[in-house]
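I opened my notebook to get to know this structure. Here is what I looked up, in the order I went through it.

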Amino acid sequence: MTKRVLILNGPNLNLLGSREKSIYGGKTLADIEALCRETCETLDLSCDFRQSNHEGELVDWIQSARKTADAIIINPAAYSHTSLAIHDALRAVDKPVVEVHLSNIHQREPVRHHSYVSSVAVGVICGLGATGYKLAIEAVAEIL
Ligand code: CA2
């Protein structure tokens, strides 16, 4: 049966491609979604790709994933560094989680070096731009 991947994106990622291109690259979130859909199709995975600027909405989607997804790929954006709520929701879901960041958070300000999500993820990819999402999908395909 086709396995389902939920790909979540946190706050401000809807602005990709418009500003901060030297940090996050020139691709828009729609470009990244297209890359994810193409990669999932090649690997016979179904792809549910979402973005929210609201912590509670992300928590609701993670909770729903208990019934509707087989794995989660998440770029929690700034919530990576602040959200115990997203950490708790991901822990409770009991599905493989891969964390992705476009930028290398370890080369940036110290406040970005810690992520509350990393300890509940099977793996973390950062600094590879949009390619990180493709690699995360390939990893999930192998894990599943
Ligand atoms: O590198 C990443 O993917 C981040 O998750 C992106 C977050 C940042 O808070 C994390 O530390 C690392 C920020 C996403 C905001 O994206 C923007 C894009 C264009 C213009 C403004 C913000």
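**Entry 1: helix α3**

I began with α3, where L58, V59, W61, I62 and A65 are buried. Seen down the helix axis, these buried residues fall within an arc of 160°, so they line one face of α3. I took the arc from the directions that run from the helix axis to the C-beta atoms. Buried means under 20% relative accessible area, exposed means over 50%, and partly exposed is in between (1.4 Å probe, protein chains only). Helices (H or I, at least four residues) and strands (E, at least two) are DSSP runs, numbered from the N terminus.

Before going on, I noted that this is a predicted model, where local features need pLDDT of at least 70, side-chain atom pairs count only at pLDDT 80 or more, and totals for chains, interfaces and linings use all residues. Residues are numbered from 1 along each chain as its sequence is written, and side-chain values use heavy atoms, with hydrogens and water left out.

Next I asked what covers the buried residues of α3. The cover includes β1, β2, β3 and α4, counting contact as heavy atoms within 4.5 Å. I also checked the length: α3 has 14 residues and reaches 19 Å from its first C-alpha to its last, close to the 20 Å expected at 1.5 Å a residue. The expected span is 1.5 Å times one less than the number of residues.

**Entry 2: helix α2**

Helix α2 (residues 29–42) has 14 residues, which should span 20 Å at 1.5 Å a residue, and its end C-alpha atoms are 20 Å apart, which agrees. Which residues of α2 are buried? They are L29, I32, L35, C36, T39 and C40. Down the axis of α2 they fall within an arc of 130°, so they line one face of the helix. A note to myself: an α-helix has 3.6 residues a turn, so residues three or four places apart point the same way.

The buried residues of α2 pack against β1 (3–9), β2 (45–51) and α5 (131–143). On the other side of α2, I found A30, E38, E41 and T42 exposed. After α2 comes D44, with a positive phi near 60°.

**Entry 3: helix α4 and what follows**

In helix α4 (residues 84–93), the buried residues are I86, H87, A89, L90 and V93. They cover an arc of only 165° around the axis, which puts them on the same side of α4. Their cover includes α3 (55–68), β3 (71–75) and β4 (97–101).

Most residues other than glycine have a negative phi. D94 lies in the loop between α4 and β4. Is D94 buried or exposed? With a relative accessible area of 69%, D94 is exposed.

I found another positive phi at N12, near 75°, in the loop between β1 and α1 (21–24).

**Entry 4: the ligand**

Which of the 16 residues around the ligand come nearest? They are N75, H81, L102, S103 and R112, where a residue is near if one of its heavy atoms lies within 4 Å.

I then went through some distances to ligand oxygen atoms. The side chain of N75 has an N or O atom 2.8 Å from one. For L102, a backbone N or O atom lies 2.7 Å from a ligand oxygen. In S103, a polar side-chain atom is 2.5 Å from a ligand oxygen. On its own the ligand has 500 Å² of accessible area, and the protein covers 95% of that (Shrake-Rupley method, 1.4 Å probe).

H101 lies in strand β4 and is buried, with a relative accessible area of 4%. Its side chain makes a polar contact with the side chain of E99 at 2.6 Å. A polar contact is a pair of N or O atoms within 3.5 Å; within protein, one must be able to donate a hydrogen and the other to accept it, and residues adjacent in sequence count only if both atoms are side-chain atoms. Leaving out residues up to four places away in sequence, H101 touches N75, P76, S80, I125, C126, G127 and L128.

From there I moved to L128, in the loop between β5 (123–126) and α5. L128 is partly exposed, at 47% relative accessible area.

Last, I looked at D70, in the loop between α3 and β3. At 17% relative accessibility, D70 counts as buried. Not counting residues up to four places away in sequence, D70 touches T2, K3, R4, K95, P96 and L144.
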